[in-house]
Amino acid sequence: MKPIDESGINHLFHHILSTLYHIQPADQWSVIPKNWCLTTAKTKYGMADHQGIIHINQNFVATGFWDLLEAVLRHEFAHLCVGLSQSHNRRFKQCEKLFKGYFNADARRQATAYGSRIHYNYRLMAELVDGQCLEIKKTHRKHHKYTNYPHQNRVTYFYQQQRIKRFYYVSEK
Ligand SMILES: [Zn+2]
């Protein structure tokens, strides 16, 4: 199969959208999908904005993850249809189902392969009050919320009922 490129994304975008307009006429959408673009932002797969632009993660380019890309586009179209303020609530889930925006078996397999291709810069670690350390997630950059954590007393995080004493980052490079 042909690797994903810009003309392939463009074709898929318009093809899916035209089939969705048969299910849900354009005048019933909260935001009319206008276009798409590639992004290097931290969003894992993609996101839709208020202008009706669907941002597709650059990581899709040159891969063969067509099923995953299709599910992501359908998911983002569902966001635009119900309105971005609905987030992932019940109304959204119904529309996502109608638009087939969920991951089928192929998309799930591709999501695993996609995830292993992403290079992360850091691992976010947490130290619990008993001294135990555990990995919370892999991340591209350091977040203020965690680097500032011990100094702000407003929020306390827990892991299985144990208070987290501090967060720290381990470089993956
Ligand atoms: Zn979403």
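Author: Gladly, and we begin with a term. Helices (H or I, at least four residues) and strands (E, at least two) are DSSP runs, numbered from the N terminus. Two strands pair if DSSP finds at least two bridges between them. Here strand 4 and strand 5 form a hairpin with 4 residues between them, and G131 in the turn has a positive phi of about 95 degrees.

Reader: Before we go on, what kind of model is this, and how are residues numbered?

Author: Residues are numbered from 1 along each chain as its sequence is written. The model is predicted: local features need pLDDT of at least 70, side-chain atom pairs count only at pLDDT 80 or more, and totals for chains, interfaces and linings use all residues.

Reader: Back to the hairpin, then. How many bridges join strand 4 to strand 5?

Author: Strands of a sheet pair through backbone hydrogen bonds, either parallel or antiparallel. Strand 4 (residues 122–128) and strand 5 run antiparallel, joined by 6 bridges.

Reader: Is I136 buried, exposed or partly exposed?

Author: A residue is buried if 20 or more other C-beta atoms lie within 10 Å of its own, exposed if 12 or fewer, and partly exposed in between, with C-beta atoms placed from the backbone. I136 has 14 other C-beta atoms within 10 Å, so I136 is partly exposed. You will find I136 in strand 5 (residues 133–139). For touching, the rule is that two residues are in contact if their C-beta atoms, placed from the backbone, lie within 7 Å. Leaving out residues up to four places away in sequence, I136 touches L124, M125 and A126. I136 and F167 are 31 residues apart in sequence, and their C-alpha atoms are 9.2 Å apart in space.

Reader: What pattern does the chain follow along the sequence?

Author: Read in order, the pattern is α-β-β-β-α-α-α-β-β-α-β-β. That comes to 5 helices and 7 strands. Buried residues make up 21% of the 173 residues.

Reader: Which order do the strands have in the open sheet of 3 strands?

Author: The order is 1-3-2, with mixed pairing. Strand 1 (35–39) and strand 2 (46–48) stand at the edges with a single partner strand each, so one side of each has no neighbour in the sheet. From one strand to the next, the twist averages 20 degrees. Strand 2 and strand 3 (residues 53–57) run antiparallel, joined by 3 bridges. There A48 has I54 in strand 3 as its bridge partner.

Reader: What lies across strand 2 and strand 3?

Author: For angles we need axes, which are lines fitted to C-alpha atoms, for helices over the stretch in contact, and angles run from 0 to 180 degrees between N-to-C directions. Helix 2 (residues 66–82) lies across strand 2 and strand 3, running at about 20 degrees to strand 2.

Reader: How do the axes of helix 2 and helix 4 cross?

Author: Angles under 35 degrees count as roughly parallel, over 145 as roughly antiparallel, 65 to 115 as roughly perpendicular and the rest as oblique. The axes of helix 2 and helix 4 (residues 105–117) come within 7 Å and cross at roughly 105 degrees. The two helices, helix 2 and helix 4, are therefore roughly perpendicular to each other. Where they meet, D67, L68 and A71 of helix 2 are in contact with D106, A107, Q110, A111 and Y114 of helix 4.

Reader: Which residues touch the most other members of the largest nonpolar core?

Author: A nonpolar core is a set of buried Ala, Val, Leu, Ile, Met, Phe, Trp, Tyr and Cys residues joined through C-beta atoms within 7 Å. This core has 23 residues, and those touching the most other members are F65, L68, L69, L73, F77, A78 and C81. Helix 2 gives the largest share, 10 residues.
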